[in-house]
Amino acid sequence: MGTLAILALRVVLAAVLAGSLVIQAAMTTLLFGDHDDGDLSHIRVPIVVIVVLAFLAGQVVVVCVWRLLTLVRRGTVFSDASFRYVDVVIGSAVAASLLAFALGVLLAPGEAVAPGIVLLIGGVSVVLAGLALLVYVMRMLLAQAVARDVEAHHLRAELDEVI
């Protein structure tokens, strides 16, 4: 991966992280600042907690991708250090999926939220679970690549011994 591509991706990741922090602060303020006595006032705190945790899960993913880019830049992405970050990305995607599902369950009873919105949130939960599975499959591919890299280094060392 070229240095320009890594730099461009880092700029995008920094913008996503900064934007998510601003939106997280704004949404938390808006959700806590709205004091009308609507149908959702009794579940306001759980909604805010779910929203904050969901943003946090996304921010963790951005940081892990940043760290993986550092490994790519150094040429050490095919090492055991990569698995730690990939595992955290998978965990964050699973957590975000569960948080979306919990939000849908929280909003489902009553007439305050349209059923289509609840179904949309359920769909987001399924998409996030699918994303976690996709990253898990890519983790298995990374494991195979790391094993091949270790095997290649071993064979090269044996060949150097023979020569």
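Helices here are DSSP runs of H or I with at least four residues, numbered from the N terminus. Helix 1 itself covers residues 3–33, and its 31 residues reach 44 Å from first C-alpha to last, close to the 45 Å expected at 1.5 Å a residue; that expected span is 1.5 Å times one less than the number of residues.

This is a predicted model, in which local features need pLDDT of at least 70 and side-chain atom pairs count only at pLDDT 80 or more, while totals for chains, interfaces and linings use all residues. Residues are numbered from 1 along each chain as its sequence is written, and side-chain values use heavy atoms, with hydrogens and water left out.

The interior comes next. A nonpolar core is a set of buried Ala, Val, Leu, Ile, Met, Phe, Trp, Tyr and Cys residues joined through side-chain atoms within 4.5 Å. The largest such core has 12 residues, among them Cys64, Leu68, Leu71, Tyr85 and Val146. Helix 2, helix 3 (81–107) and helix 4 (115–162) each give two or more residues to this core, and helix 3 gives the most, with five. Leaving aside neighbours within four places in sequence, Tyr85 is in contact (heavy atoms within 4.5 Å) with Cys64, Arg67, Leu68 and Leu71. A second, separate core of 10 residues includes Ile47, Ile50, Val51 and Leu107.

Key:
Buried < 20%, exposed > 50% of the residue type's maximum accessible area, 1.4 Å probe, protein only.
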